[in-house]
Amino acid sequence: MIKLVVSDMDGTLIGRDEELSESIINAVEKLRERGILFTVATGRVEEMAEAYVNKLRIDIPYIACNGATIVHGDHIVQRHTVPIKGLKKLFEQADSMGMSIIYTIEGAEYVCRPTPWIMAQRERFNRYFLERPISADEWDSLSIDKVTVMDDIRDGRIGLIDEMCQQLDPQYYGYTRYTDKAVEIVEKNANKGRALYTLAELIGISMEHIMAIGDHQNDMEMLKEAGLGVAVANGIEAVKAIADYVCSNCCAEGVIEAIEKFCLTDEKEA
């Protein structure tokens, strides 16, 4: 019996337009009527997730920053940070290749400089306006929630950054690669799977009663740990391979499909 549904956001709850559909809002409301809880586990930082959390009327903790942060209302339940000290060469290499660098401090996202990709994001989605180059003395003292290196050319060059990530000190750093477009670096213990365990303990639900839904590399630990792991149809093959169920539909329609199949099967509208 599913008591909690946890969904990824980008590529799962929302598509490339980043719009939250009325149909998914209604599906979450149906869960609420059945006494089934719903929350999100996203790579987004809390300031970029908050509007969606509010629209979905989520009143239990949610996972942000790929598991580095757990948020409950205005309260930060957990925040893993990582020292920026070991990332200096990686930042310099990515910047020299024209890649975009976005790093997070206490839930706020900053860019080292405005690349063409950053400028396009500002125009289309009204984000990444905070510019904050790392000062010389901060390389020894600053800690961050995460850093994303984005390559909008996507011709495989991100592989060089991936190689540099592999050389980072495993005592401090963990990372995820997103095909040829990006890598994301967080504290070694920060991932959605570990955060899901903490979330389950917070609300008193065992993992076997949790359905987790996702589409990409950063969702894999969560899908493995949940009682039922679901991949939407647009998910990458590695995620589909470890999922207990693969949806026929993409993004939000896939989430609705899973909700109806595993949570609302005895209702007429299912």
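Mentor: Let's begin with a term: buried means under 20% relative accessible area, exposed over 50%, and partly exposed in between, with a 1.4 Å probe and protein chains only. By that rule, 55% of the 270 residues of the protein count as buried. This is a predicted model, where local features need pLDDT of at least 70, side-chain atom pairs count only at pLDDT 80 or more, and totals for chains, interfaces and linings use all residues. Residues are numbered from 1 along each chain as its sequence is written, and side-chain values use heavy atoms, leaving out hydrogens and water.

Trainee: Why is tyrosine 245 called buried?

Mentor: The relative accessible area of tyrosine 245 is 18%, and the limit is under 20%, so tyrosine 245 is buried.

Trainee: And why does phenylalanine 262 count as partly exposed?

Mentor: Phenylalanine 262 has 28% relative accessibility, so it counts as partly exposed.

Trainee: What makes tyrosine 245 and phenylalanine 262 an aromatic pair, and what kind is it?

Mentor: Rings of Phe, Tyr and Trp (its six-membered ring) pair if their centres lie within 6.5 Å; planes under 30 degrees apart are stacked, over 60 edge-to-face, and the rest tilted. Here the centres are 5.2 Å apart and the planes make 80 degrees, which gives an edge-to-face pair. Tyrosine 245 sits in strand β15 (residues 245-246) and phenylalanine 262 in helix α9 (residues 251-262), 17 residues apart.

Trainee: How many aromatic pairs are there by this rule?

Mentor: The count is six. Elsewhere, Phe91, Tyr103, Tyr110 and Trp139 form one aromatic cluster.

Notes. Helix = DSSP H or I, 4+ residues; strand = E, 2+ residues; numbered from the N terminus.
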